Amino acid sequence: CHHPSENWLCLICKDVLCSRFINKHMLYHYQETGHCIALSFSDLSVWCFACDSYLDAQSILELRPVYEVAHLLKFGERPPFRSLEVLDLSSGQNGGSSSSS
């Protein structure tokens, strides 16, 4: 619909469509194709339609490259990623290896 704000990038096929708060074209795209992950151009958030939830591009390694490129294009610099050790500690996971007896 070429709406100037609230555009989302489908991370499966790279279509750019408006948000569910404008004309719902990205939502319709998900319903028609099953492509469930999209990145917002306005705040670089990542939404999963299948989960009905935002995804953390900091902790999901597969999302880091696309998030980094989007951040670089939008702000002219790389994003300040949190270290994986900090992510492990904040999620309650042990970052070290476990040994069994």
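Asn7 touches Val16, Leu17, Cys18, Leu39, Ser40, Phe41 and Ser42, leaving aside residues up to four places away in sequence; a contact here means heavy atoms within 4.5 Å. Asn7 counts as buried because its relative accessibility is 18%, where buried means under 20% relative accessible area, exposed over 50%, and partly exposed in between, with a 1.4 Å probe and protein chains only. Asn7 is part of strand β1, residues 7-10.

The model is predicted: local features need pLDDT of at least 70, side-chain atom pairs count only at pLDDT 80 or more, and totals for chains, interfaces and linings use all residues. Residues are numbered from 1 along each chain as its sequence is written, and side-chain values use heavy atoms, with hydrogens and water left out.

**Elements and sheet**

The chain has three helices and five strands, in the order β-β-α-β-β-β-α-α from the N terminus. Helices (H or I, at least four residues) and strands (E, at least two) are DSSP runs, numbered from the N terminus.

| Element | Residues |
|---|---|
| β1 | 7-10 |
| β2 | 16-18 |
| α1 | 25-33 |
| β3 | 37-40 |
| β5 | 53-55 |

Five strands form an open sheet in the order β2-β1-β3-β4-β5, with antiparallel pairing. β2 and β5 each have a single partner strand and stand at the edges, so one side of each is left without a neighbour in the sheet. From one strand to the next, the twist averages 40°. Two strands count as paired if DSSP finds at least two bridges between them.

Helix α1 lies across β1, β2 and β3 and runs at about 120° to β2. Axes are lines fitted to C-alpha atoms, for helices over the stretch in contact, and angles run from 0 to 180 degrees between N-to-C directions.

**Chain totals and confidence**

Of the 101 residues, 31% count as buried. The accessible surface of the chain is about 6800 Å², and carbon and sulfur atoms hold 53% of that; the areas come from the Shrake-Rupley method with a 1.4 Å probe. Among contacts with a separation of 6 or more, 34% join residues 24 or more positions apart.

The mean pLDDT of the chain is 85, and 82% of its residues reach 70 or more; pLDDT is the predictor's confidence in each residue, from 0 to 100. Over residues 94-101 pLDDT stays under 50, and the model has one contact beyond four places in sequence for them. Where pLDDT is low, the predicted coordinates should not be read in detail.
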